[in-house]
Structures are given as C-alpha cells and as structure tokens.
Amino acid sequence: MHSDILILGGGPAGLAAAIAARSRVRTALVVSTPGQESPLARAERIDNYPGLPGLSGARLLETLEEHARAMGTDFLPGRAVSLLAWNGFHVTVGREIAEGEALILAPGVARQAKFPGEAEFLGRGVSYCATCDGMLYRNRPVAVVGLAPDAPMEAAFLRSLGCQVTYLSPKEPQGLETGIPFLRASRFAIRGEQTVSALEADGQVVPCAAVFLLRRTVAPTDLLPALETEQGYVKVDRRMATSVPGVWAAGDCTGAPLQIAKAVGEGHTAALSACEWLEQRAAESAKK
Amino acid sequence: MTDFTKESFQAAIAGPKPVMVDFWASWCMPCKMLSPLIADLADRYEGKVVSGKVNTDDEMELSYQYGITAIPSVLFFQNGREVQRIVGVNGPDAYTQVLDSLL
C-alpha cells in the first residue's frame with residue numbers, strides 16, 4: 001500500500017494529521033492497532049477538549065476516525081515492526097508492506113524502559129515480531145512476554161509452528177489458547193551467553209531459545225535509530241520536524257502535556273509541514 | 001545477486017574480494033522489504049564486492065553454522081571470516097559504512 005504520507009498511529013495526533021493531509025489533497029495511510037486498544041478509549045469522560053465536552057474517549061476516537069475516513073484516509077490495521085528509510089519510507093505490518101513519501105510518527109506514549117538483556121540479545125534470541133522470526137524457532141522452547149492485547153494470538157501462531165510456548169504477562173491474558181502455560185510476572189530479564197538461553201521472570205528462570213517481547217507499539221527509536229530524542233521523547237521543532245529528513249512526529253511521543261488538544265494541533269501541523277515538504281521536493285525535481 | 005548454496009557460499013568467501021550475504025526467507029516480510037536495498041547495493045559495489053543471498057529454509061545447515069537467530073541478517077566476510085553482521089532492517093548507510101571499510 002502506497003501513500004504520499006504514511007502515518008504511524010491512529011490516535012488523535014495521527015487522525016488529525018490524516019485529516020489535514022487529505023484537506024491538502026495528499027493521500028494518507030494510517031497504520032494503527034484497533035482504537036479500543038488505546039488508553040484513550042478507556043477514558044470515561046473528557047471535558048477539556050474544546051468544543052466537544054463530555055464525550056467518552058472511545059466516542060471521541062470514533063468521531064475522529066469517522067472524520068478521517070470520510071475525508072478519504074486509508075487505514076491499515078496492525079503494528080509497524082520494522083522500518084526502512086530508503087526511497088521513501090517503508091514499514092512492515094503483519095504480511096503487508098506500507099509505503100509513504102513522507103512519514104509522520106504518532107504512536108502515542110512509546111517510552112518503554114528496556115528489560116535487562118533486551119538490547120544485548122536483540123536479534124540473538126530477542127524478537128519483537130512472532131510473524132517475522134517465529135519460523136527460526138520451530139520445535140524449540142520460546143517465551144512470549146505479552147504486553148499487547150493481540151499477544152495471545154501471536155503466541156498461538158508460534159505454537160502452530162511447533163514452538164513450545166510459555167506465555168508471561170503482568171495480567172491474566174484474554175484469549176490465550178488452551179495448552180499454552182501462563183505465568184504471571186512483571187519484572188523480566190533476558191539471560192544467555194552468545195544467544196538467549198532463558199527468561200528470568202520475577203526471579204523465576206524459564207529456559208528458552210527466544211523471547212518474543214510483544215508490546216502495544218514499537219518505540220519510534222527502535223524503528224528509526226537515527227531519531228534524536230530529548231528526555232526519552234522524540235525531538236521536534238515548531239513544525240514538528242524530527243532530526244530525520246522527511247519524518248515528522250506528533251502527539252504524546254513528543255512529550256508533555258499529554259493532552260488530546262495538543263496532540264491534534266501537533267498532528268495538524270505535522271501534516272501541513274509534510275505537505276509543504278512534498279511540494280518543495282516536487283518543485284525541485286521539476287527544475288532538474 | 002547470486003543465490004548461494006553451501007558449496008558456492010564457501011567458494012565465494014574463500015575468494016579475494018569482500019562478500020556481503022543476505023540471509024532471508026520467503027515468509028519474512030522485513031526481508032522482502034530490505035531485499036531491493038541489498039540488490040541496489042550489490043549493483044553499486046559490483047566488481048568490488050561479491051554479493052549474494054542465502055534462503056534460510058533451503059540452506060538450514062548454513063544458517064545453523066552461522067548462528068542465524070533473526071532475519072534479515074546481512075553478514076560481511078573478508079579473507080574467509082565473518083567481520084561484521086547487521087541484524088534487522090537498517091538504512092543504506094549502515095551497510096555502505098561496512099562495505100566501504102572493507103575496500
């Protein structure tokens with residue numbers, strides 16, 4: 001799926017960006033997990049969003065999404081797990097590759113402290129994507145750390161490949177396949193030498209060849225390591241430009257205040273900046 | 001780009017030129033996404049670097065031998081030994097920096 005502007009995140013910032021992009025007649029593709037998984041969807045009542053007092057978070061999200069859809073925004077449900085910045089921007093989302101000429105990052109709060117051993121063993125037994133790496137661990141013991149609502153589904157996929165799956169999470173998962181053992185734990189550390197040999201979960205050692213860390217979103221800096229950050233948030237200027245050319249960021253990922261009104265304004269600004277950048281680029285290429 | 005088998009792979013890394021090898025699989029979407037960039041680099045460095053790919057499903061022994069635990073993994077060889085490995089999807093600079101350092 002190709003678009004002028006690829007938007008990662010379907011919250012207020014991402015949807016406001018899509019609406020602004022469409023109003024400038026640019027194609028916009030929003031990659032997002034379902035709205036009901038957003039923390040905002042659990043807000044019972046919002047009274048500080050101008051002009052629309054008293055809506056629930058879920059209703060506000062629905063309203064924004066309906067608006068973006070009515071404007072002609074394309075949507076791709078899922079989570080971006082890898083990103084390539086070359087000849088535009090490309091991300092993998094499940095079995096799809098989404099592409100855009102410009103990129104807007106709006107994943108919400110994506111600051112996540114890494115677990116001990118996570119960075120060290122990334123690519124050597126630690127994976128963020130069961131679909132991508134599961135086949136390499138067929139018939140071997142693996143641990144799934146479920147921190148996203150769809151993690152039980154990914155665990156089932158790994159089991160279907162023949163992996164011996166242990167599922168761990170701080171809360172009882174919903175929809176975990178019968179036959180997959182569950183351990184409640186909230187503190188994790190990855191152990192091994194050259195490659196992963198075990199997951200330590202609240203002090204208990206779970207021997208495994210791989211640990212799949214399935215979070216709600218992959219942090220922007222994991223997708224695009226060249227992004228500059230400030231106190232853990234994506235660093236942007238007033239036009240919401242990041243340190244990477246062609247990439248803008250908006251919403252909670254850029255820092256406080258973590259408010260809908262701020263996210264919407266930033267999303268709008270990011271999209272207008274991206275549109276302007278695309279226009280300048282087209283004009284420069286026409287001169288050549 | 002050459003599709004390496006165990007035999008052609010060993011012959012390539014034993015040669016005098018640096019070698020870039022992309023370990024991939026047909027079911028791996030990040031591999032599919034990265035593949036055009038690796039092919040482009042192979043063209044740009046043609047004559048200076050030997051480039052090829054290894055299908056991890058077809059060449060499981062090679063994958064096991066080199067401890068491939070995540071794909072895509074791009075391995076670089078010089079004088080028969082692995083000198084660098086880049087796991088996952090990266091932009092072109094990550095690969096050209098290694099290639100340039102080997103020339």
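# Strand pairing, chain contacts and local geometry

Strand 12 of chain A pairs with strand 13 (residues 204–207) of chain A over 4 bridges, in the antiparallel sense. The model is predicted, so local features need pLDDT of at least 70 and side-chain atom pairs count only at pLDDT 80 or more, whereas totals for chains, interfaces and linings use all residues. Residues are numbered from 1 along each chain as its sequence is written, chains are lettered from A and ligands numbered from 1 in the order in which they are written, and side-chain values use heavy atoms, with hydrogens and water left out.

Strand 2 (residues 28–32) and strand 3 (residues 74–77) of chain A are joined by 4 bridges and run parallel, with A:V31 opposite A:L76. Together with helix 2 (residues 57–70) of chain A, these two strands make a right-handed β-α-β unit. Right-handed means that, with the strands pointing away from the viewer, the path from the first strand over the helix to the second runs clockwise.

Chain B contains an open sheet of 5 strands in the order 1-3-2-4-5, with mixed pairing. Strand 1 (2–3) and strand 5 (81–87) of chain B are at the edges with a single partner strand each, so one side of each has no neighbour in the sheet. Strand 2 (residues 19–24) and strand 4 (residues 73–78) of chain B run antiparallel and are joined by 5 bridges. B:F23 has B:S73 as its bridge partner in strand 4 of chain B.

How many residues of each chain take part in the contact between chain A and chain B? There are 23 from chain A and 21 from chain B, contact being defined as heavy atoms within 4.5 Å. The two chains bury about 1,800 Å² between them, 70% of it on carbon and sulfur atoms. Of the area that chain A buries against chain B, A:L84, A:W86 and A:L136 supply 32%, more than any other three residues. Buried area is the accessible area (1.4 Å probe) that two parts lose on being put together, summed over both.

Between chain A and chain B there are 5 residue pairs in polar contact, both residues being at pLDDT 80 or more. A polar contact is a pair of N or O atoms within 3.5 Å; within protein, one must be able to donate a hydrogen and the other to accept it, and residues adjacent in sequence count only if both atoms are side-chain atoms. The elements of chain A that give two or more residues to this side are strand 4 (80–85), strand 5 (89–93), strand 6 (96–105) and helix 4 (130–133). Strand 4 of chain A provides the largest share, 4 residues. By class, the side of chain A that touches chain B has 10 nonpolar, 8 polar and 5 charged residues; nonpolar covers Ala, Val, Leu, Ile, Met, Phe, Trp, Tyr, Cys and Pro, charged covers Asp, Glu, Lys and Arg, and the others, Gly among them, are polar.

The count of salt bridges between the two chains is 1. A salt bridge is a side-chain nitrogen of Lys or Arg within 4 Å of a carboxyl oxygen of Asp or Glu. A:R138 forms it with B:D57, the closest N and O atoms being 3.3 Å apart. Over all chains, the whole structure has 21 salt bridges. One of them joins the side chains of A:R215 and A:E118 at 3.0 Å, N to O. A:R215 is in strand 14 (residues 210–215) of chain A and A:E118 in helix 3 (residues 118–121) of chain A, so this pair ties together parts that are 97 residues apart in sequence.

Some backbone geometry remains. Most residues other than glycine have a negative phi, and most peptide bonds are trans. A:N87, which is not a glycine, has a positive phi of about 55 degrees and lies in the loop between strand 4 and strand 5 of chain A. A cis peptide bond joins A:A256 and A:P257, with omega about -5 degrees; A:P257 is in the loop between strand 17 (247–249) and helix 7 (260–287) of chain A. In chain B, the peptide bond from B:I71 to B:P72 is cis, with omega near 0 degrees, and B:P72 is in the loop between helix 3 (60–65) and strand 4 of chain B.

How values were computed:
Two strands pair if DSSP finds at least two bridges between them.
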